[in-house]
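Welcome, and thanks for taking a look at this one with us. Please have the sequence and the model open side by side as you read.

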Amino acid sequence: MKHEIIIVSDSHGLTKELDLIKERHNVAAYIHCGDSELTYNHPSLKNFTIVRGNCDVETSFEIEEIMELQRLKIFITHGHLYNVKSHIMNLSYRAQELDAKIICYGHSHHAGVQKVGEQIFINPGSIRDPRGRTEKTYALMIIDSSLQQISITFYTLAGEMMNSLYYESSLE
């Protein structure tokens, strides 16, 4: 069985859009990398693992979360405390401390994936205010049942696949 996870970030108060994404993708898990600007119990955040971003005033959200798929750890944070607009080095060090191979973060509003060593960094962009492109984006991460392969497909808020950002790699 594949592990399918939706990743969003920087929705900055949007609710109908979060609901639309959940309706469009019936997956095992949903991640929000912060700056939802919603309350902890807001219905649009139901089923999301969510972290607190620099624009979130809700203190019930954790700064970091770890999601585990058997032996694979996924580190979730907003990124503002790790200076991700300049580099991912601090984020990488923290992920190493946590023994996480996959890192989901936001803050910069720039959609993209990069693999550095054995770590895979995923920024879904923003569904409200994208930077570096005009499309409002989020990501679908699929990890195979053996935890050996990962693919990340980016979608526009309108539901169109963005082939230029597709990523596939080994987790070994």
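## Charged pairs and buried positions

Glutamate 97 and arginine 94 sit about one helical turn from each other, because they are three residues apart in helix α2. An α-helix has 3.6 residues a turn, so residues three or four places apart point the same way. Keep in mind that this is a predicted model. In it, the side chains of glutamate 97 and arginine 94 meet in a salt bridge, with N to O at 3.0 Å.

Arginine 94 has another partner: its side chain also forms a salt bridge with that of glutamate 64, at 2.8 Å from N to O. This pair ties together distant parts of the chain, since arginine 94 belongs to helix α2 (residues 89-98) and glutamate 64 to strand β4 (residues 64-69), 30 residues apart.

The structure holds four salt bridges, and three of them are listed here, including one between aspartate 129 and arginine 131.

| Salt bridge | N to O distance |
|---|---|
| Arginine 94 and glutamate 64 | 2.8 Å |
| Glutamate 97 and arginine 94 | 3.0 Å |
| Aspartate 129 and arginine 131 | 3.9 Å |

Through shared partners, salt bridges join Glu64, Arg94 and Glu97 into one network. How exposed are its members? Glutamate 97 counts as exposed because its relative accessibility is 59%, a value over the 50% cut-off. Arginine 94 is partly exposed at 23%, and glutamate 64 is partly exposed at 23%. As for the remaining pair in the table, aspartate 129 is partly exposed at 38%, and arginine 131 is partly exposed at 33%.

Now to helix α1 (residues 16-24), whose buried residues are Leu18, Ile21 and Lys22. They lie on the same side of α1, because they cover an arc of only 100° around the axis. These buried residues pack against β1 (3-8), β2 (29-32), β3 (48-50) and β9. On the face turned away from the buried side, α1 carries the exposed residues Lys16 and Glu23.

With 1% relative accessibility, threonine 137 counts as buried. Its side chain reaches the backbone oxygen of proline 124 at 2.7 Å. Beyond its sequence neighbours up to four places away, threonine 137 touches residues including Ala111, Ile127, Tyr155 and Met162.

Another threonine to look at is threonine 153, in strand β10 (residues 149-156). Threonine 153 is buried, with a relative accessible area of 8%. Leaving aside residues up to four places away in sequence, threonine 153 touches Tyr138, Ala139, Leu140, Met161 and Tyr166.

Definitions and conventions: Residues numbered from 1 in each chain as written. Predicted model: local features only at pLDDT ≥ 70, side-chain atom pairs only at ≥ 80, totals over all residues. Heavy atoms only, no water. Buried < 20%, exposed > 50% of the residue type's maximum accessible area, 1.4 Å probe, protein only. Polar contact = N/O pair within 3.5 Å; in protein donor to acceptor, adjacent residues only side chain to side chain. Contact = heavy atoms within 4.5 Å. Helix = DSSP H or I, 4+ residues; strand = E, 2+ residues; numbered from the N terminus. Arc of directions from axis to C-beta.
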